[in-house]
Amino acid sequence: MLPEELRDGRVALGLGVLEGGAAVLVEQLGVGLGSQQRLHARLAQDFVARLLQSTTKAAGVPWAHLEVALWLLYQLGEGLPEAVQKDKHGPMQGIVAGLVGFGGEVRRQHASVQVLYFELLVRYHRVLLATPSLLGTAFQSFLDERGVYNARRDVRAKACYLLLRLVKHTLRASDAHTL
């Protein structure tokens, strides 16, 4: 049984909407990734890492493809144990480092990609805390024209809300050395 938003052939991801077969594909990828992650977490992490690398490094990738890749990264976090996110030498460090590196390109992307980028930074705050050098760059993306100074009001509002969540998570979980 498909969820309500898929019954008419559309699925909303962030602020964007995918239509027709792409919506069904995204839903199947999400279900497949969730079940695959339960079976073999490392395989799921490697798949998402390769997908992110191919979509964030290539020029001219449609925003919908970026949104799907970022959404799959968001779904990857559903079943990850906290220890995997805190592992300083695990695959999540490389994935989040690539995500933070992609942050410079976010300002030229669709609003849904921009918002999903900020949601991912909040979701993976434990990875950012494990690598303090990434934390400063992540905060900077919230505090410039990509976030709270964005030209779009909806992105600014969501960035402010997510910045507050990131600050709360960071203050709660960090020590004086990190800050």
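**A guided tour of the helical contacts and the core**

The crossing of α5 and α8 is left-handed. To view it in this predicted model, select helices α5 and α8, whose axes come within 10 Å and cross at roughly 35°. Next, display the side chains on both sides of the contact: α5 supplies Val-96, Ala-97 and Val-100, which meet Leu-134, Thr-137 and Ala-138 of α8. Classified by residue type, this contact comprises 5 nonpolar residues, 1 polar residue and no charged ones.

Proceed to the largest nonpolar core, which has 41 residues. Select Leu-73, Leu-76, Met-92, Leu-121, Tyr-124 and Leu-128, the residues with the most contacts inside this core. Two or more core residues come from each of α2 (41-57), α3 (63-76), α5 (91-102), α6, α7 (125-130), α8 (132-142) and α9 (153-173).

Now centre the view on Met-92. Leaving aside residues up to four places away in sequence, Met-92 touches Gln-45, Leu-73, Leu-76, Leu-80, Val-84, Tyr-124 and Val-127.

Finally, colour the chain by pLDDT. The chain average is 80, and 75% of the residues score at least 70. Among the elements, helix α6 (residues 111-123) has the highest mean, 95, whereas strand β1 (residues 10-13) has the lowest, 42. Select residues 1-18, over which pLDDT stays under 50; the model has 42 contacts beyond four places in sequence for this segment.

Technical notes. Residues numbered from 1 in each chain as written. Heavy atoms only, no water. pLDDT = per-residue confidence, 0-100. Helix = DSSP H or I, 4+ residues; strand = E, 2+ residues; numbered from the N terminus. Contact = heavy atoms within 4.5 Å. Core = buried A, V, L, I, M, F, W, Y, C linked by side-chain atoms within 4.5 Å. Buried < 20%, exposed > 50% of the residue type's maximum accessible area, 1.4 Å probe, protein only. Axes fitted to C-alpha atoms, helices over the stretch in contact; angles between N-to-C directions. Left-handed = near helix turned anticlockwise from the far one by under 90°. Nonpolar A, V, L, I, M, F, W, Y, C, P; charged D, E, K, R; others polar.
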